[in-house]
Amino acid sequence: MTPSSSPEVAVVGAGPVGLTFALWLHELGREAVVFDARPRARLADDARVLALSLGSWRQFERLGLAERLPATPIRTIHVSQQGFGRVQLDAASLGVPFFGAVVRAADLIAALIEAARTRGIPLRDETPVEATQAQGERIALTTPQGIFHARLCARAEGRLSAEAEEVFSRDYGQSALIGWVHAEGLAPESAVERFTPQGPAALLPDHGQWTFVHVLPQGEAEQAAALPDAAYLERLERAFGNRWRLSGIRGRALYPLVLRWRRRPVAERTVWLGNAAQTLHPVAGQGFNLAARDVGTLVELLREAEDPGSAWTLECYARRRAPDRQLTIGLTDGFARAFRPQNGLLPLARGAALLALDACLPLKALFARQMMFGRR
Ligand SMILES: Cc1cc2nc3c(=O)[nH]c(=O)nc-3n(C[C@H](O)[C@H](O)[C@H](O)COP(=O)(O)OP(=O)(O)OC[C@H]3O[C@@H](n4cnc5c(N)ncnc54)[C@H](O)[C@@H]3O)c2cc1C
């Protein structure tokens, strides 16, 4: 067998998570092959924009990728809800240079593919993995191009079926609209998160413009996507409390929102990473960031492991990641749901909580640390 038909690690999925993991495997001197169902020319077709936390950004610095990534730092974050209650977080006052950086997923994937190419990591495009089967010391991957064997199969295929075993699933009944606008009056390198009864809305700085992520109930989101630009901009301005004048809109891609997560992200000679392990609501911008922390822990374990797919290594991985996974998934789900009800005392309690957070620097630092680095 040639080395690439029997690598140590087979990575399924050349999305941001699979490619990041493959680069780390290369750093460790472990042989990996990446499989993707799509043709190479379409791998970077991704309209999403990612707010990378400082922790994820540090990973890309260590991989020598950060300086080649077109990115905009986030130095201030405004959080508010419709009604009263707001928090402003400033990176400098919390002792960090920036909270993270905004990167277009398409740019990130293109940079990762280029880095994989220069390092000689094989990427088999147009090769969907149809099935996997653990067979003692190895795992077999079935593709239309033949059967491949590896010692570990890292499944980063970006999809998680609600019917899969031990998967928790919640449909939020919402979709996110994403695109770009100009925002008059908003300081560059500032991000905004606003909670409304329909769903949260965010503005992320992106090279002098802002990417918006506008969450609406399904049905309303489709209607909003079809509105003429001027009418939609008015609606978006309203969602942000008419605080900023928005213009020059581009794009309006739609993403239906669900929570799905695997209680056990490992099985025999298999680990699930990224959206294939947990698919989160984008409200807290944690989907890729949590995956990057998962990858970081797995890489640390593989540094020492003789057999990358041993039951011991995978069990250690699942145990070490459980607290951060559970907390991040729980917080994200909490944010997605707690800001929706507008009746009773809940809006008052939320407003009071935001004001308390704004007034208490240690609490702000704790909150920001969780968002930047996860639970340690
Ligand atoms: C609106 C929105 C905003 C978001 N904002 C943020 C944010 O600010 N910060 C953040 O951290 N996260 C954010 N996220 C989450 C983030 O986008 C995802 O967590 C991340 O992109 C998932 O990457 P992935 O590599 O796991 O999956 P994907 O990007 O989906 O990649 C999966 C790859 O696997 C391939 N594939 C699929 N099936 C097979 C197969 N059988 N065989 C071979 N290949 C296969 C696909 O072709 C694809 O290339 C956001 C998500 C949304 C929807």
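**Salt bridges, strands and buried residues in a predicted model**

Mentor: In this predicted model, Glu8, Arg30, Arg151, Arg269 and Asp307 are linked in a network of salt bridges.

Trainee: Arg151 forms a salt bridge with Asp307. How many residues apart in sequence are the parts that this pair ties together?

Mentor: The closest N and O atoms of Arg151 and Asp307 are 3.8 Å apart. Arg151 belongs to the loop between strand E11 (146-150) and E12, while Asp307 belongs to the loop between helix H6 (287-304) and helix H7 (311-338). The pair therefore ties together parts whose separation in sequence is 156 residues.

Trainee: Is Asp307 buried or exposed?

Mentor: A residue is called buried when its relative accessible area is under 20%. For Asp307 the relative accessibility is 14%, so this residue counts as buried.

Trainee: Which helices are linked by the salt bridge of Asp294 and Arg321?

Mentor: The side chains of Asp294 and Arg321 meet at 2.5 Å, N to O. Both Asp294 and Arg321 are buried. The two residues are 27 residues apart and link distant parts of the chain, Asp294 being in helix H6 and Arg321 in helix H7.

Trainee: Is Arg319 buried or exposed?

Mentor: Exposed means over 50% relative accessible area, and partly exposed lies between that and the limit for buried. Glu315, at 27% relative accessibility, is therefore partly exposed. Arg319 has a relative accessible area of 62%, so the state of this residue is exposed.

Trainee: Turning to the strands, how many residues of strand E14 are buried?

Mentor: In a regular strand the side chains alternate between the two faces of the sheet. In E14, Ser190, Val192, Arg194 and Thr196 point one way, Ala191, Glu193 and Phe195 point the other way, and all are buried. Strand E14 (residues 190-196) is thus largely enclosed by the rest of the structure, the buried count being seven of the seven residues.

Trainee: Do strand E5 and E14 run parallel or antiparallel?

Mentor: Strands of a sheet pair through backbone hydrogen bonds, either parallel or antiparallel. Here, Ser80 stands opposite Arg194 in E14. Six bridges join strand E5 (residues 76-81) to E14, and their direction is parallel.

Trainee: How many residues lie between E14 and E15 in the hairpin that they form?

Mentor: E14 and strand E15 (residues 199-206) pair in the antiparallel sense over five bridges. Phe195 stands opposite Pro200 in E15. In the hairpin, the number of residues between E14 and E15 is two.

Trainee: Three strands form an open sheet in the order E3-E7-E4. Which are its edge strands?

Mentor: The pairing in this sheet is antiparallel. An edge strand pairs on one side only, and this holds for strand E3 (49-53) and strand E4 (71-74).

Trainee: Which residue of E7 is the bridge partner of Leu52?

Mentor: E3 and strand E7 (residues 100-104) run antiparallel and are joined by five bridges. In E7, the partner of Leu52 is Ala101.

Trainee: What angle does the direction of helix H2 make with that of E3?

Mentor: Helix H2 (residues 54-62) packs on the sheet and touches E3, E4 and E7. The angle between the direction of H2 and that of E3 is about 90 degrees.

Trainee: What distance separates the C-alpha atoms of Ala156 and Asn275?

Mentor: Ala156 lies in the loop between strand E12 (152-155) and strand E13 (167-184). Ala156 is buried, because its relative accessible area is 10%. Beyond its neighbours within four places in sequence, the contacts of Ala156 include Val12, Gly13 and Leu273. Asn275 is 119 residues away from Ala156 along the chain, yet their C-alpha atoms are separated by 7.0 Å.

Methods: Residues are numbered from 1 along each chain as its sequence is written. This is a predicted model: local features need pLDDT of at least 70, side-chain atom pairs count only at pLDDT 80 or more; totals for chains, interfaces and linings use all residues. Side-chain values use heavy atoms; hydrogens and water are left out. Helices (H or I, at least four residues) and strands (E, at least two) are DSSP runs, numbered from the N terminus. Buried means under 20% relative accessible area, exposed over 50%, partly exposed in between (1.4 Å probe, protein chains only). Contact means heavy atoms within 4.5 Å. Two strands pair if DSSP finds at least two bridges between them. Axes are lines fitted to C-alpha atoms, for helices over the stretch in contact, and angles run from 0 to 180 degrees between N-to-C directions. A salt bridge is a side-chain nitrogen of Lys or Arg within 4 Å of a carboxyl oxygen of Asp or Glu.
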